[in-house]
Each structure stands twice: as C-alpha cells, then as structure tokens.
Amino acid sequence: MAVQQTSFQKKTKSRVPYIPGSKPSIHNAQLLVSSGMPSFDYVIGGGIPVGTIVLVEEDKYGTYAKLLIKYFLAEGAVCGHSLLVASLDSKCQSLVEELPAPVQYDDAHPEVDADDKMTIAWRYQNMRAVQSSPTSTSFGHHFDISKIMDSQTLKEANICYWTGPTVESKAEGRFTNSSYSDLLSLIQGKIEEGEFGIASNPEKRNILRIAVHSLSSPLWSEETQGSQFSDLVLFLYCLRSLLRSAYAVCMLTVPSHLFQDTSTLSRCEHLCDTSVRLESFAGSEKETNPVYKDYHGLFHISKLSAINTLAPHVPESFDLAFKLRRRKFVIEKLHLPPELQETTQREQDDLPSVRAMSCGGGGTRNLLDF
C-alpha cells in the first residue's frame, strides 16, 4: 500500500553553500569570514559578515592599519579566496609579498610565545579579559608576522591588482575623479567575471576579498577637497550596493586624521557596516605614560554591523587596546597596571591637614575658619 505524502511531511531547508574559510553565525545565520586575527574577530562578533564593508581609520603613520590589511589578505590567500588589492600609496605587489606566514598550532601542545608570559600580582590573575586568541570560537588561521608567506601559496592564489586608472580612463557618472570610477568598474567586473553574485550559479562558490589601502589619501586627489570627499561618499555608497548582492567582503583604510571636515567621516561610517579606529601612541604624550606602557595604542569601535538582526553585537568591553609583539598583533581589554611606582602617591598626601581643617586652627586663617 503506497504511503500518501501529506503537507505535514518534514521539508528540508535550503542550506548556505559551503565555502572554505567561512561559517554561518550562530546568532543570525549570517555567513562570516575571518579577518585573519582571532582577537579582531572576537571583538566584532565572531567574524566579518559576507557582503559588508569594514572601515579602518588609520593611525597617524599608517603602520598598524597596513598590518590589518596584510592579515586580511593572508587569510584569503590561505583559504583560497580571490583577492583584489587596490592602493595608490604603496605598491600592491610589494604588499602581497610581505604577507605573514600561517602557523600550525597543536591542540595538545599549543605553542606559547615568550612574549605571552606575564608575571603579575596574584589578585589580578583571575581577572576576566578579552580572549586574544579564542581557540573555541575562531575559525581562521594564525599568522606569524616575523615570517613571510611562501611564494608557492601566492602563485596559486587568484590575485588582481589595481594601482590607479589608465591614462585614457575618464571619470564616469557623477564622479569627478577617475580613480574612484575606475576602481568601482573593476570591482563590478570582477564580481561578474568570477560569478560572485548571488544570482549566478557557479560550479564552486568562492569569496572575493577586496582590500583598499589608504583610500582618499592625498595621492587620490585630482580636484578640490570638496569634490574629493563627495567622490569618496559616492564610492562607498555604490560599493555597498555591489557587495550586498555578492559573495564578497571589503576592508578599506582611510587616513581620517587628514580629514578637516568631521561630517565627511561620519557619512563614511554610516555607509560602512563596521568601523574601527586605531590610535597609536607613537609621537604622542601617551607613549611615555606608564599607564599604557604595555600597549602600543588604543582600539576604538565606532560601529558594528547589524546584518539579519535588529541589534548589533555588543562586545564585552569597549575599552580596548592593541599591542604589536614579536610574532603577532593582538587586541586586548585595556587593564591598568597593578603598580604605578613612578606616579602613584598616597591619598593622604593630597588631603589637607587635620589642623588646617579644624575650627580656629593656628597660623594663617582661611575661608573655613570661623
């Protein structure tokens, strides 16, 4: 006797296609990719959502912002993702050749860096801090910045470079600067050519990683400053519309300390999904402050993505700092040092004497005497 199918029969749900180097979020089922830094993924909610833009406001000298770009590209090269590198301030080929090498950790005997060993007071040992390298939640790779990636891995990677528009190219549409329109056309063509769009149906789905270094720097300007910033806002608006319908993710850095108009930066943060700022201690008064002697700068979170959810991820703490060690770059929760031998004084040294506070104390009279 044949069994008649009913409407109550269990139906299989459509699954997100498996892509190497990606995973669905446990909170909103959004597809995530790793930034290459476990500590960065941890503070922003587990990873970078596919189809979003990560805005990194550069530090004063751009050293640490470029390092984040290298981590982002190194993770894509190891996972087999397609890479698109764009920059007018530095050579893209040199930037890729300096990518850090991946490190294989043994779960049974994890490698301990000599810089990770700390000797602190016993009462501070049980304090809860942001996990720099959470092994349970991280799905990316670990990299050693003291070594460079082997050339064979870079040869096998699908990398596209953009170092500026050609001489014949002209600004298209509402752009006044040909650099923005040319880069946007290249990204659109790369999405169509590589079948990264959601509507396309390739044999094997992959991720496109777009890294734009030092966007809207002085080398990008061709016209006046007002038109330069209007092109930047229009570029981010068009880029976000392209990424929303593609299996692509973009990380771009901007020299925000050169922006004279703060409203432009606010509009850029609004058009991007995740926005962070790196405040380096180099050349500032905080470099010699004993409070920050264990760190190289502060890590500020301006905006976090809210994709497929009504509220963004709330990190454990917004008081974050970063440090550059011998082999890695980590983001940690900012802790005050247990001792400040050079600056700490007794509280009673700052309090006025008891005799001066007494009624009718001898010596000079003050307003408290009566």
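The expected span of a helix is 1.5 Å times one less than its number of residues; helices (H or I, at least four residues) and strands (E, at least two) are DSSP runs, numbered from the N terminus. The model is predicted: local features need pLDDT of at least 70 and side-chain atom pairs pLDDT 80 or more, while totals for chains, interfaces and linings use all residues. Residues are numbered from 1 along each chain as its sequence is written, and side-chain values use heavy atoms, without hydrogens or water.

**View 1. Helix α5 and its ends.** Just after the helix, Glu-195 has a positive phi of about 55°.

**View 2. The salt bridge between Arg-327 and Asp-144.** The closest N and O atoms of Arg-327 and Asp-144 are 3.4 Å apart, where a salt bridge requires a side-chain nitrogen of Lys or Arg within 4 Å of a carboxyl oxygen of Asp or Glu. Arg-327 lies in the loop between β13 and β14 and Asp-144 in strand β7, so the pair ties together parts 183 residues apart in sequence. Arg-327 is buried, at 16% relative accessible area (buried: under 20%; exposed: over 50%; partly exposed: in between; 1.4 Å probe, protein chains only).

**View 3. The salt bridge network at Arg-325.** Arg-325 and Glu-332 form a salt bridge at 3.0 Å, N to O. Both residues are buried. Salt bridges with shared partners join Lys-323, Arg-325 and Glu-332 into one network.
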